[in-house]
Amino acid sequence: QVQLVESGGGLVQAGGSLRLSCAASGSIFKINAMGWYRQAPGKQRELVATITSGGSTNYADSVKGRFTISRDNAKNTVYLQMNSLKPEDTAVYYCNARVVTTFNRYEYNYWGQGTQVTVSS
């Protein structure tokens with residue numbers, strides 16, 4: 001089994017910053033893409049940013065220039081630095097990882113439990 005544990009959410013004023021972390025542990029052979037998604041009340045879950053094992057990144061248009069995704073492959077950890085936060089960034093943020101497991105070398109898709117980010121105006 002593989003677990004993803006997120007941390008770093010909270011309440012911040014508009015214009016402020018937060019840094020989310022997500023650490024993967026368990027039966028990991030290697031981790032391919034990692035990413036962050038978010039879901040606001042009454043809305044569908046949407047992509048925020050992704051990063052490949054080689055460091056290539058992809059961002060939603062709504063966060064380009066404000067958010068930065070990074071990863072530490074040695075620690076199996078992905079980060080999301082969020083600057084210039086807006087009230088519309090308020091959501092539950094979920095970590096995602098595509099993990100090749102040690103027990104059968106197949107790739108599986110895993111999700112974290114989510115962390116709340118609230119931006120007040």
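Cys95 is buried, as its relative accessible area is 0% (buried means under 20%, exposed over 50%, partly exposed in between, with a 1.4 Å probe and protein chains only). This is a predicted model, in which local features need pLDDT of at least 70, side-chain atom pairs count only at pLDDT 80 or more, and totals for chains, interfaces and linings use all residues. Residues are numbered from 1 along each chain as its sequence is written, and side-chain values use heavy atoms, with hydrogens and water left out.

Cys95 is joined to Cys22 by a disulfide, S to S 2.1 Å (a pair of cysteine sulfur atoms within 2.5 Å). The torsion about the S-S bond of Cys22 and Cys95 is about -80°, so this disulfide is left-handed. Cys22 sits in strand β3 (residues 18-26) and Cys95 in strand β9, so the pair ties together parts 73 residues apart in sequence. Strands (E, at least two residues) and helices (H or I, at least four) are DSSP runs numbered from the N terminus; the chain has 11 strands and zero helices.

Now for the surface. Phe103 lies in the loop between β9 (91-101) and β10 (107-111).

| Residue | Relative accessibility | Class |
|---|---|---|
| Cys22 | 0% | buried |
| Cys95 | 0% | buried |
| Phe103 | 51% | exposed |

The C-alpha atoms fill a box of roughly 50 × 25 × 20 Å along the principal axes.
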